[in-house]
Amino acid sequence: MRAREMHPLCCLAADYCPGGGGAAEDDDGDCSPPPADGAAVAGVLHKWTNIGRGWRPRWFAIRGGVLAYSKIRRRVAAEETPPPPPAELAVGISSFSESKSDDKRFYIITPTKTLQLRTGCVKDRVAWIEALVSARSEYSLGGILPSDRNGGSFSTEKLRDRLHAEGVGAEIVKDCEQIVHSEFSQYHVQMKQRCESYLSFIGSLPRELEAVNSEDATIRGNPQSQLFKPDFSSSGKCSEYSNTESSEDAGKQEIGRMSDEDEFHFYDTRQSFSDGVASPELKVRYLNYGNEACKFGDSLAADKTNEDLLSSAKRRSKLPEPVEKERSVSLWSMIKDNVGKDLTRVCLPVYFNEPLSSLQKCFEELEYSYLLDRAYECGLTGNGLMRILYVAAFAVSGYASTDSRPCKPFNPLLGETYEADYPEKGIRFFSEKVSHHPMAMACHCEGKGWKFWGDSNLKSKFWGQSIQVDPSGILTLEFDDGETFQWSKVTTTINNLIIGRVYCHHHGTMNISGNKKYSCKLMFKEQSFLERNPRQVQGFVKDADGTKVASLMGKWDESMYCVVSDDASKLSSHISHQSAGATLLWKKNEPPADPTRYNLSSFAITLNELTPGLKEKLPPTDSRLRPDQRHLENGEYEKANSEKLRLETRQRMARNMQESGWKPRWFQRDSEHGTYRYVGGYWEAREQTKWVGCSDIFGSFCDNPKPRVSTLYTSASV
């Protein structure tokens, strides 16, 4: 394209100063365009920047198949400071679009960028688009490479000198030089072939996108969806355009995408090569790069399918709004006469409870059951070390829900049960209060390749400003391949009951023993006034020979990390999780948006949910049917207090029933002082809704309690 064929306003000489006509920065024309550097076409166009600055003049020049543009600077500034490098885009991979609402505006579209430009008149727009199309056809990407495939050259002088210095003969040196030249030539040819293939692929992108968008336009039946339509009308006006704009003009979609100073901003190429705008040929090319992308896509599709299947079981995200306004009660006035006593036998008003029972709290410790799923998978691959590390992380994660929980759970009635069926987690849980004095609860949970069971007996002492809770009992985890782990819980202390903010901390040693190669020891650090980093948990894993093979560190209310090393000297108990090589095992979930005063986690909020369909399947002993707990959740505090007093009056008779030979319905002890084990039959009875031996322990209390009590705690084993 020769300059003299262009319109006088858009094809300018290199020494032209864009002074009047509103194209310059100032009215006096004191401006300096960048040199054209032998550009075939150059001139001033107005470029859309942003909604604040609007249209700004820029100097554009087409040279060698590249469109360069830069700001127009004042002549004084141009003399004082060197000009910044211009922005460039390749015309060979660009397409051009005319605006339908503004006959002076057009767009330059590349796979990564879109420019909105405006000329002074209609003829200027036609001339610029013709010049761009001509430059695109003249400077194709295939012609960028030189035709000489052996054009590369290099010197073997250093190699020759080195061989001569070593005393190598001239004939051998000559042969070596020929070998090097031959190898380099072959390598040069291969690299040029790859480069040509790549450039050919890049050059075909506009045509690929053009074909895809034409197909989309046909399918949708919307002529405005055609992106590229190269054609020249009889009047010489280029009609290669993108009619993706609305009646208000597609230019409005670009407002806010581009700024005046951001000349080199490129958008994510995924916006241009998404599944919706990629041809089948392009998709095949992409998939041919490897199978990992296909596997990842299949995994995402499978996850999406599972998500859709599980989305039907929507669980609640907040508690009901309270009906009554809660009253404040002094804790000291309630427990000042019980210093040194077992608080499990002290009657407290409902204001100090949270709407969960201790049976439900047992299940809350399985919130992060996915850690056991990972442990099971590690064992299948023969990685026993990672299995016990995930088991240790699971043992610590059970304490995360105790952070900032000021209220105590309800003490279950003798024979009270709780079930939890969470198919989205792949677990099914059941628990029962198996003893009233001493108070003991047993639980059983089945997961993906593992079973978890245990019993817990809590002994608490009140010491004026704090409560110390000492759990006893063994927790057992058994995988389907036969490997088992056992551990016991550590001591919990609740502080500042009378004055200050109530908080708890866990301290002691937890030993996780396995029946195979590895065992673990975790130390919950006791909190003190001088401790700057509280709630720490540190530990290590030993193999069968007693050698430390891994260390663990973290906080029970935040996260747990591990470091695996064959060098025992590197596994210091004071190592930080920020050290190199530390692997994250577990991290606490984010709190809910509406935790209420109980500060329940998102998982805990779902535990006491009672839906109409679920209520019909539950036994009369389930914690969800407990009236005082349900009234407390609904904010009916007066009713909750009266119901709690009624049930605790009945519960005092439970000890007599236990001494008379009462036995738990669903659990049985291994030995006289052994662990309670699930005997089975609960889920089968649930399917048939036949609760033989399960009486209504929450029912109304009649005037003649003696015969009623004998039926309330009936069991199939009595």
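Let me start with strands S3 and S4. Strand S3, residues 54–63, and strand S4, residues 66–71, run antiparallel and are joined by six bridges. Strands here are DSSP runs of E with at least two residues, helices are runs of H or I with at least four, and both are numbered from the N terminus. Two strands count as paired if DSSP finds at least two bridges between them. Within this pair, tryptophan 59 stands opposite serine 70 in S4.

A word on the source. This is a predicted model, in which local features need pLDDT of at least 70 and side-chain atom pairs count only at pLDDT 80 or more, while totals for chains, interfaces and linings use all residues. Residues are numbered from 1 along each chain as its sequence is written, and side-chain values use heavy atoms, with hydrogens and water left out.

Histidine 46 stands opposite proline 57 in S3. S2 has a further antiparallel partner, strand S9, residues 114–118, through two bridges. There, lysine 47 stands opposite leucine 117 in S9. Nine of the 10 residues of S2 are buried, so S2 is largely enclosed by the rest of the structure. Buried means under 20% relative accessible area, exposed means over 50%, and partly exposed is in between, with a 1.4 Å probe and protein chains only.

These strands belong to an open sheet of seven, with antiparallel pairing, in the order S6-S4-S3-S2-S9-S8-S7. The edges are strand S6 (87–90) and strand S7 (95–98); each has a single partner strand, so one side of each is left without a neighbour in the sheet. From one strand to the next, the twist averages 35°. Helix H2, residues 122–138, packs on the sheet and touches S2 (41–50), S3, S4, S7 and S8 (105–109). The direction of H2 makes about 165° with that of S7. Angles run from 0 to 180 degrees between N-to-C directions, and axes are lines fitted to C-alpha atoms, for helices over the stretch in contact. Contact means heavy atoms within 4.5 Å.

Next, a pair of helices. At what angle do H10 and H11 pack? Helix H10, residues 370–380, and helix H11, residues 384–397, pack at about 170°, with their axes 8 Å apart. That makes H10 roughly antiparallel to H11, since angles over 145 degrees count as roughly antiparallel, under 35 as roughly parallel, 65 to 115 as roughly perpendicular and the rest as oblique. On the H10 side the contact includes Leu371, Arg374 and Tyr376, and on the H11 side Met386, Tyr390 and Phe394 are among the residues met. The buried residues of H10 include Leu372, Asp373 and Cys378. Besides H11, the buried residues of H10 pack against strand S15 (450–462), strand S17 (475–479) and strand S25 (583–587). After H10 comes glycine 382, with a positive phi near 85°.

Is glutamate 365 partly exposed or buried? At 27% relative accessibility, glutamate 365 counts as partly exposed. Leaving aside neighbours within four places in sequence, glutamate 365 is in contact with Phe394, Gly398 and Lys489. Its C-alpha atom is 7.1 Å from that of tyrosine 399, 34 residues apart along the chain. Lysine 489 lies over the face of tyrosine 399, at 4.4 Å from the ring centre. For this, NZ of Lys or CZ of Arg must be within 6 Å of the ring centre and within 35 degrees of the ring normal. Arginine 315 lies over the face of tyrosine 422 in the same way, at 3.7 Å.

Last, the aromatic rings. Rings of Phe, Tyr and Trp (its six-membered ring) pair if their centres lie within 6.5 Å; planes under 30 degrees apart count as stacked, over 60 as edge-to-face and the rest as tilted. By this rule there are 25 aromatic pairs. One of them is tilted: phenylalanine 363 and tyrosine 418, 6.4 Å centre to centre with 50° between the planes. Phenylalanine 363 lies in helix H9 (residues 358–364) and tyrosine 418 in strand S12 (residues 417–422), so the pair ties together parts 55 residues apart in sequence. Phenylalanine 363 is buried at 0% relative accessibility, and tyrosine 418 is buried with a relative accessible area of 0%.
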